[in-house]
Amino acid sequence: MISTIHVRRAPRDARRGLLLAENRVFACALGRSGMRPVKREGDGATPIAGMRIVYGWYRADRLVRPHSGLRLRAITARDGWCDAPADPNYNRPVRLPFRAGHETMTRDDRLYDVCLVLDWNLPPFGRKRHAGSAIFLHLARPDFGPTEGCIAVAPEAMRWLLPRIGPETVVKVIA
């Protein structure tokens with residue numbers, strides 16, 4: 001199992017990065033605001049931090065269940081993620097329909113066909129209001145366009161990573 005994945009900023013573009021795992025280097029997309037040590041809800045930044053991969057989701061209607069050391073579950077049409085800081089469910093998975101602000105996990109653009117939850121702003125250290133939500137490692141757009149603060153890789157990179165990672169894997173975003 002890979003114990004640490006490093007993510008660094010790519011040369012000449014703060015919204016792109018290099019993901020280093022074992023002896024491999026993969027291109028990745030970062031937040032539209034680049035990387036920041038202090039993350040705020042809606043700032044579009046990828047947090048500079050070490051984050052564990054808690055578990056993952058995949059689209060069973062599009063993919064065969066991927067092999068991984070992570071707990072993976074199929075995304076359903078009722079799966080969402082609360083991104084409303086004032087709501088008690090802030091930065092948690094929720095069931096749709098949901099009254100407060102949220103992301104729908106069944107996206108049409110395939111970015112969440114595989115979506116790994118990073119422990120940014122999650123227990124055991126608690127959730128801080130406005131400190132950022134829904135920080136995932138997911139699939140990138142074909143042009144590697146920026147994310148809202150997540151880390152995104154090509155499908156081939158995700159296929160390579162999944163069988164080599166588990167809940168002990170740490171994703172270290174470094175400046």
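Colleague: What pLDDT does the protein chain average?

Modeller: The chain averages 97, and 100% of the residues score at least 70. This is a predicted model. Confidence is lowest in strand β6 (residues 50-58), at a mean of 97, and highest in strand β13 (residues 151-153), at 99.

Colleague: How many aromatic pairs does a search of the whole structure find?

Modeller: The search finds five.

Colleague: Why is the pair of Tyr 55 and Trp 57 called edge-to-face?

Modeller: Their ring centres lie 5.9 Å apart and their planes meet at 80°. Rings pair within 6.5 Å, and planes over 60 degrees apart count as edge-to-face. So the pair is edge-to-face.

Colleague: What makes Tyr 55 count as buried?

Modeller: Its relative accessibility is 12%. Buried means under 20%, so Tyr 55 counts as buried. Trp 57, at 0%, counts as buried too.

Colleague: How do you know that Tyr 112 and Phe 136 form an aromatic pair that is edge-to-face?

Modeller: The distance is 5.5 Å centre to centre, with 85° between the planes. The limits are within 6.5 Å and over 60 degrees.

Colleague: Why does this pair of Tyr 112 and Phe 136 tie together parts apart in sequence?

Modeller: Tyr 112 lies in the loop between β10 (102-104) and β11 (114-118), and Phe 136 in strand β12 (residues 136-139), so the parts tied together are 24 residues apart in sequence. Both residues are buried. They also belong to one aromatic cluster with Tyr 55, Trp 57 and Trp 81.

Colleague: What makes you say that the charged end of Arg 107 sits over the ring of Tyr 112?

Modeller: That charged end is 4.9 Å from the ring centre. The distance cut-off is within 6 Å, and CZ must also be within 35 degrees of the ring normal. Arg 107 is listed as sitting over the ring.

Key
Residues are numbered from 1 along each chain as its sequence is written. This is a predicted model: local features need pLDDT of at least 70, side-chain atom pairs count only at pLDDT 80 or more; totals for chains, interfaces and linings use all residues. Side-chain values use heavy atoms; hydrogens and water are left out. Rings of Phe, Tyr and Trp (its six-membered ring) pair if their centres lie within 6.5 Å; planes under 30 degrees apart count as stacked, over 60 as edge-to-face and the rest as tilted. Buried means under 20% relative accessible area, exposed over 50%, partly exposed in between (1.4 Å probe, protein chains only). Helices (H or I, at least four residues) and strands (E, at least two) are DSSP runs, numbered from the N terminus. pLDDT is the predictor's confidence in each residue, from 0 to 100.
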